[in-house]
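Work through the exercises below with the sequence and the model at hand. Each task is followed by a worked solution.

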Amino acid sequence: MSNDKPILMIERLTKIFETDSGRICLFNDLCAEIVEGEFAAVTGPTGVGKTTLVNIIAGLEKPTRGSVTVLGRDVTAMDDDSLTEFRGQSIGVVFQGSQLLASLNVFQNIELPLVIQKVDEAERKRRTQEIIDFLGLAEKPSAYPAALSVGERRKVAIARALVTEPPLLLMDEPTGGLDTAAINILTPLLRGIHYLHKGTIVMATNSLTLARMASREIPIMRPRFLMTCRL
Amino acid sequence: MNASQYLFASFTRSEALATVEIVVSTAASVILGSSLSVSWFSLTLSTSGLFLGVFLVVMFMVSLEMASKRREVAILRALGAKRSSLQQAFFLRIAHLAIGGCVLGVAIGYGTAMLTAECSLLSNEIVGFVVVASLVSSLGGGLVAARKLSYLKIGEVLRQ
């Protein structure tokens, strides 16, 4: 599947957060290159900045220094409108807390990115139904997020990220907060997604089982405290 | 994309309060304008006071509304909705409230003036002046608040 064409390039990435107790430096000039079709796992314990890294790659946060190039475009230097459009078309994101709209049902939540992209209705319905069937949500298209289990909500979030068929899929702790039964359902599903999606997947996780599924691991080092006390 | 349908499923309390403020201020200005003893100068002065209140109330209410919808706005932005389309959705919502509140306010003011037999003194110029002041203040308040969407940090909101 891989033809060594870089999809994602991270160069000398650093993010500094100001906190009450001082400055925290994440990533510390992180460099990484992920090629087309690769399944990479960003690993590290809680608090090392995995979510921040996913957000920076998706263009939802700016780094303090360094650059992130996705499909040949530097997302850290793009203007807001171009970045938003680019993200909608090229990057699918599964957020840690699923982040579904409570006022929309399963079907409407999944088709939302296609509505934003102004895909015509027939095509939109077809693609949404296809992904609903694939992820085993066929019995719940009209259910609202509040009526779903955490695992089902995560499936809806995955379906929403995949419906646009993005070349790059970002997943932030896809099994975080799930019980063992839900993890056992979701893990083979993620394997299937990698097999069928054909795109590139970057998954942030602190689960060893999930990290082993990936073809490559990008460990994130512990953050450095630049200043731990105030003078 | 019509973002309004994802953001405004129902009529909220803050929207109701903003609309009441627009209706009351517009009606009060029309009644004031129908009074024999009020000059253009005093009408302008008192109307300015009333509509400064409308501007501030609408701005505050829209800010509250946006604060309660931060998560929805962040999700839509993360999925590819442009900032301008969301700002437009908020502004259109305010426009609906402003126009509705203004029409209702003029009707109530006119009706009250009729009851006090001062309706004949109400000129088109006065009604026009009140309508313009009402719309400018409410839309202005909405616009100032809607601009705050530009500063929304999507990553931070979604992390919370």
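**Chain A and its helix α5**

Chain A has seven helices and 10 strands; these are DSSP runs (helices H or I, at least four residues; strands E, at least two), numbered from the N terminus. The model is predicted: local features need pLDDT of at least 70, side-chain atom pairs count only at pLDDT 80 or more, and totals for chains, interfaces and linings use all residues. Residues are numbered from 1 along each chain as its sequence is written, while chains are lettered from A and ligands numbered from 1 in the order in which they are written.

**Exercise 1.** Compare the radius of gyration of chain A with that of a compact globule.

*Solution.* The radius is taken over C-alpha atoms, and the globule rule is 2.2 Å times the number of residues to the power 0.38. For 231 residues the rule gives a value near 17 Å; chain A has 18 Å, which agrees. Along its principal axes, the C-alpha trace of chain A spans about 60 × 35 × 35 Å.

**Exercise 2.** Describe the length and the surroundings of helix α5 (residues 150-162) of chain A.

*Solution.* Start with length: the 13 residues of α5 reach 18 Å from first C-alpha to last, close to the expected 18 Å, where the expected span is 1.5 Å times one less than the number of residues. Next, burial: a residue is buried if 20 or more other C-beta atoms lie within 10 Å of its own, exposed if 12 or fewer, and partly exposed in between, with C-beta atoms placed from the backbone. In α5(A), 11 of the 13 residues are buried, so the helix is largely enclosed by the rest of the structure.

**Exercise 3.** Which residues have the most contacts inside the largest nonpolar core?

*Solution.* A nonpolar core is a set of buried Ala, Val, Leu, Ile, Met, Phe, Trp, Tyr and Cys residues joined through C-beta atoms within 7 Å. The largest has 101 residues, and A:Ile57 and A:Leu170 have the most contacts inside it. Helix α3 (residues 40-68) of chain B gives the most to this core, with 10 residues. Two residues are in contact if their C-beta atoms, placed from the backbone, lie within 7 Å. Beyond its neighbours within four places in sequence, A:Leu170 touches residues including A:Ile57, A:Ile91 and A:Val202.

**Exercise 4.** Is B:Gly101 buried or exposed?

*Solution.* Locate B:Gly101 in helix α5 (residues 83-115) of chain B. B:Gly101 is buried, because 25 other C-beta atoms lie within 10 Å.
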